Amino acid sequence: MKRILVTGGAGFIGSNFVHYLYRERPEWHITVFDKLTYAGNLETLSTLAEDKRHIFVQADIGDSNVVAELLSRYTPRAIINFAAESHVDRSITGPSDFIQTNIVGT
């Protein structure tokens with residue numbers, strides 16, 4: 001089975017990538033991993049809710065135990081990372097979130 005893991009897959013770019021991949025590679029199975037912060041929206045993936053090729057996991061990319069468990073359980077061929085803190089204004093008021101997600105978590 002061809003399975004990939006997409007982190008940040010409920011965000012704008014990540015969810016568009018997931019939909020694109022299902023159109024272009026319908027044989028692939030995708031595990032979407034997203035913390036669902038201000039940038040993530042599960043509605044963007046609602047059309048895939050009943051699709052057996054799709055698995056959604058709500059968790060933090062910085063939680064190494066969850067990441068290790070997902071890698072062990074689903075053994076993806078690839079990991080595509082869209083998980084990121086990207087709002088510049090938020091980086092000024094809370095730079096530690098950026099460091100944790102964009103550097104440590106990744």
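View 1. T7 sits in strand 1; strands are DSSP runs of E with at least two residues, helices are runs of H or I with at least four, and both are numbered from the N terminus. T7 is buried, at 4% relative accessible area. Buried means under 20% relative accessible area, exposed means over 50%, and partly exposed lies in between, with a 1.4 Å probe and protein chains only. T7 touches F33, I61, I79, I80, N81, F82 and A83, leaving out residues up to four places away in sequence. A contact needs heavy atoms within 4.5 Å. The model is predicted: local features need pLDDT of at least 70, side-chain atom pairs count only at pLDDT 80 or more, and totals for chains, interfaces and linings use all residues. Residues are numbered from 1 along each chain as its sequence is written, and side-chain values use heavy atoms, with hydrogens and water left out.

**View 2. The aromatic pair of F17 and F82.** Rings of Phe, Tyr and Trp (its six-membered ring) pair if their centres lie within 6.5 Å; planes under 30 degrees apart are stacked, over 60 edge-to-face, and the rest tilted. The count by this rule is one aromatic pair. F17 and F82 form the pair, which is tilted, with 5.3 Å centre to centre and 50° between the planes. F17 belongs to helix 1 and F82 to the loop between strand 4 (78-81) and helix 3 (88-93), so the pair ties together parts 65 residues apart in sequence. F17 is partly exposed, at 22% relative accessibility. F82 is also partly exposed, with a relative accessible area of 28%.

View 3. Y22 lies in helix 1 (residues 12-24). Y22 is buried, with a relative accessible area of 7%. The side chain of Y22 reaches two backbone atoms: the oxygen of R53 at 2.9 Å and the nitrogen of I30 at 3.4 Å. A polar contact is a pair of N or O atoms within 3.5 Å; within protein, one must be able to donate a hydrogen and the other to accept it, and residues adjacent in sequence count only if both atoms are side-chain atoms. Y22 and R53 are 31 residues apart along the chain, yet their C-alpha atoms are separated by 9.0 Å. Y22 touches W28, H29, I30, L48, R53 and H54, not counting residues up to four places away in sequence.

**View 4. The largest nonpolar core.** A nonpolar core is a set of buried Ala, Val, Leu, Ile, Met, Phe, Trp, Tyr and Cys residues joined through side-chain atoms within 4.5 Å. The largest has ten residues: I4, V6, A10, V18, L21, Y22, I30, V32, L45 and L48. Helix 1 gives the most, with three residues. Another core lies apart from it, with eight residues, among them I61, L70, Y74 and A83. L21 touches I4, P26, W28 and I30, residues up to four places away in sequence not being counted.

**View 5. The whole protein, for orientation.** The protein has four helices and four strands. Their pattern along the sequence is β-α-β-β-α-β-α-α. Of the 106 residues, 34% are buried. Among contacts with a separation of 6 or more, 67% join residues 24 or more positions apart.
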